[in-house]
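Please read the following report alongside the sequence and the three-dimensional structure. It goes through backbone geometry, packing, contacts and confidence in turn.

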Amino acid sequence: MTRLVTRREFLNLLGATGGTAAALKAGTALGLLPATRSAKALDLLALGSNNKKVAILGGGLSGLTVAHELGKRGYDCTVLEASHRCGGRIFTVRHGDLIDEIGNRQYCEFDDEPHMYFNAGAARIPTSHKQLLAYCKELEIELEVFVGENNNAYMQDDGSFDGKPVRANDYKTNIRGFLSEMLAKSMSAQQMDEPFTDEEAENLLGLIRSFGDLREGDLYQGSTRTGYASGGYLTHGVQKDMLAFRDLLAGPMARTAMTAYEGDYGPCLLQPKGGMDNIIAGFLRKVGEQVKYRAMVASIQVNNDGVNVAYDQDGERHQLEVDYCFNCIPTHLTVGLDHNFPGDYVKALKYVRRGEAYKAAFQAKERFWEKEDIYGGITRMNNRSSEIWYPPHGIHKEKGVVLGAYDFGGGMYHTMMSQEERIEAHLRDGEKVHPNYRNLVEKPVTIAWHRMNHMLGCAARWRRSFRTWTTEEEEMYHTLQAPVNGRHYVIGDQMSMHSAWMESAVLSAHWAMEDLDQRVRAELA
Amino acid sequence: MIRKRLIISFLIALAGISIPLQAAEEREPFDDRYCTTCHGADGRGNYGVQAPRLAGMEDWYLIRQLENFRAGIRGVHPRDIEGIAMRPMAAKLTDESITDIVDWVGSWEYLPTEVTVEGDAAAGAQLYSQCATCHGADGQGNEALGAPALRGQNDWYLVTQLRNFKQGWRGSDAQDSYGQQMMAMVQMLADDDTINNVVSYINTLGRN
């Protein structure tokens, strides 16, 4: 049941915020929450003359992390990769590349130039993802800034502003103005006196006025923060008209404008120069010789002394007997292998659902966004294509690759379409923002992760509820994280509580290797 | 094993000629051997993506279903989630590819399936007497009647398909005469419990 919050309750809530901050601080002191982390070096025992064999199932980021770290310590690692390439969902699409969607194979026809690429999976690195960044440094992977939030990009909603695209800057400035005016008007000096000192109250009001660029009488009357309607350099700038507040409230886009770049999505973000898969290339420079391609695992048998893995390659079935096995095959595919895992482990494997994310991209014949003052960033649309990403790299070159759709939640809508239907849907959505879009883009590629060969899914979904994990889900998670017989580890971003991020894949590998290390130290002691 | 190797060599050769000629040097080759990605190692079936066991299925039944998927007779109803996932895989297959795939699948030996469905097998036995007319008393199937074997199939798959037939999500296409027959037959299964009962009975028929 909803009810109106009284002004006093609202002020009490403001007070409670301070309480939360205090609680957070206490939590950090108790080690319950991460303080600002720095990348830690893995303290793993070097084997010396002790020979230990390791099978790594899947050449994704977590698998290659294990191969790299254990290889350094003298473990004899073999990576079995089912497809023709390593990296899994770290997939940069360039000229000539095969996109191996089952039922919809494509070859990318982008121009063959270094800046003409599309990061079809992982596409941005938050600067707080320190473990991943430490590998970028160690493996000498050149990074550059990725632009996500760009005030000159657009918001577009058929239900607002007659469907016309509106600059994100106009959205944000006007929303802040209107909200500030409401806040300022709702707080008389008398009401402010109770929870705050005079000085605090004055500062709070000052903050509210400044936040929304309010004028005399605490009125919002538009702002030059949106940029000028005309002039501004050699003549006086002319302020833009205010947006209609009702249009801002007509759909979900106001919320998107204000919150889309929080947490992991917020500035500053990074990307490897030349494509996200340069991270994979960096690992392969170290461990590439240990990778067997088109080697599809058929069987995993865990026993007391080790793990027997069977795999198919070149039309033959091969056996690999190892001491330890690290498995980053998606859980929903591991279920379909011949295995002897215990029942509760299988129950957990079966529980995890596969993600449905979907992306598409076009080659742009010209960098039309730069003519509209857009250099990188993301346009948000209230339609199924959802986003247009403008490349922050290749500035002022003739062409570029734009992301034309990113449906991270319910990607099945496009997945279930034919290639032609998908492309038409993205052209139709995109031309609402850029009227000549249809003629400006060509050579589309689509990535339906749910149908990509050897993956059949995007980021793993452990939770059935959007917000919380149930006790049972937590138990299954820990069951699957723990090794079978101390021999078989499930790894990958699927084995984290924050799937879809490369950092999670790395951390899952680190967790597993540290667990293994304790066992090996005990055995060799 | 020799047979399997020959088939695989043939498929690899096929893959070689299926690549656009102008780019054959640089482009990654592919073939149509996608089955095990979804249907599990050696076609054992994969609960994880709800893809049924292929190993040990009849050639004639596999061919008919691949052709139905390809022709849009099966896997088009919006509620047939698994069928919709299968259809694009089959849509681009040539007759030769279907023959090759079915030969390949035929090289996999039947593997026992896990029992996952709970129901009243005794109650299911009575219902099954009607199924037996076409599918055989032991669920062994009957090629002459176009009825596939049921015993030894993944029980969760049987449940899904019986539901789909009952709802008209499978078998309602005018060209799918076998499917239409199934749609009529499954109307005797009143609800989910009844479906579970009959599948539980099929589970008792076993297969080696």
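## Backbone geometry in chain A

A:Lys443 is found in strand β25 (residues 441–448) of chain A, where helices (H or I, at least four residues) and strands (E, at least two) are DSSP runs numbered from the N terminus. Phi of A:Lys443 is near 50 degrees, a positive value in a residue other than glycine. A:Lys443 counts as partly exposed because 17 other C-beta atoms lie within 10 Å; a residue is buried if 20 or more other C-beta atoms lie within 10 Å of its own, exposed if 12 or fewer, and partly exposed in between, with C-beta atoms placed from the backbone. This is a predicted model, in which local features need pLDDT of at least 70 and side-chain atom pairs count only at pLDDT 80 or more, while totals for chains, interfaces and linings use all residues. Residues are numbered from 1 along each chain as its sequence is written, and chains are lettered from A and ligands numbered from 1 in the order in which they are written.

A:Glu140 also has a positive phi, of about 55 degrees, although it is not a glycine. A:Glu140 lies in the loop between α3 and β8 (143–146) of chain A, and it is exposed because 8 other C-beta atoms are within 10 Å. A cis peptide bond, with omega about 0 degrees, joins A:Pro267 and A:Cys268, and A:Cys268 has its place in the loop between α8 (253–259) and β13 (269–272) of chain A. For context, most residues other than glycine have a negative phi, and most peptide bonds are trans.

In helix α3 (residues 130–138) of chain A, the residues A:Gln131, A:Leu132, A:Leu133 and A:Tyr135 are buried. The buried residues of α3(A) pack against β7 (125–126) and α16 (502–524) of chain A, and α3(A) is followed by A:Glu140 with its positive phi.

A:Tyr437 lies in helix α14 (residues 437–440) of chain A, and A:Tyr437 counts as buried because it has 21 C-beta neighbours inside 10 Å. Not counting residues up to four places away in sequence, A:Tyr437 touches A:Leu427, A:Gly430 and A:Glu431, a contact being a pair of residues whose C-beta atoms, placed from the backbone, lie within 7 Å. A:Tyr437 and A:Ser385 are 52 residues apart in sequence and 14 Å apart in space, C-alpha to C-alpha.

## Nonpolar cores

A nonpolar core is a set of buried Ala, Val, Leu, Ile, Met, Phe, Trp, Tyr and Cys residues joined through C-beta atoms within 7 Å. The largest such core has 129 residues, of which A:Val297, A:Phe326 and A:Val402 touch the most other members. α16(A) gives the most to this core, with 9 residues. Apart from this core lies another, of 15 residues, among them B:Tyr128, B:Cys131, B:Ala149 and B:Leu158.

Leaving aside neighbours within four places in sequence, A:Val297 is in contact with A:Leu57, A:Leu80, A:Ala82, A:Val309, A:Tyr311, A:Ile329 and A:Leu337.

## Chain B and its helix crossing

Chain B has 9 helices and 0 strands. Of its 208 residues, 38% count as buried, and among contacts in chain B between residues at least 6 apart in sequence, 63% join residues at least 24 apart.

The axes of helix α6 (residues 121–135) and helix α9 (residues 192–205) of chain B come within 7 Å and cross at roughly 85 degrees; axes are lines fitted to C-alpha atoms, for helices over the stretch in contact, and angles run from 0 to 180 degrees between N-to-C directions. That makes α6(B) roughly perpendicular to α9(B), a label given to angles of 65 to 115 degrees, whereas those under 35 count as roughly parallel, those over 145 as roughly antiparallel and the rest as oblique. Residues making this contact include B:Leu127, B:Tyr128 and B:Cys131 of α6(B) and B:Val198, B:Tyr201 and B:Ile202 of α9(B). By class, the contact of α6(B) with α9(B) has 9 nonpolar, 5 polar and no charged residues; Ala, Val, Leu, Ile, Met, Phe, Trp, Tyr, Cys and Pro count as nonpolar, Asp, Glu, Lys and Arg as charged, and the others, Gly among them, as polar.

## Contact between the chains

The contact takes 25 residues from chain A and 25 residues from chain B. On the side of chain A that touches chain B, β15 (296–302) and α10 (331–334) of chain A each supply at least two residues. That side of chain A has 10 nonpolar, 11 polar and 4 charged residues.

## Confidence

Chain A averages a pLDDT of 91, and 91% of the residues score at least 70, pLDDT being the predictor's confidence in each residue, from 0 to 100. pLDDT stays under 50 over residues 1–11 of chain A, for which the model has 5 contacts beyond four places in sequence. Over residues 13–35 of chain A pLDDT likewise stays under 50, and the model has 7 contacts beyond four places in sequence for that stretch.

Definitions and conventions: Two residues are in contact if their C-beta atoms, placed from the backbone, lie within 7 Å.
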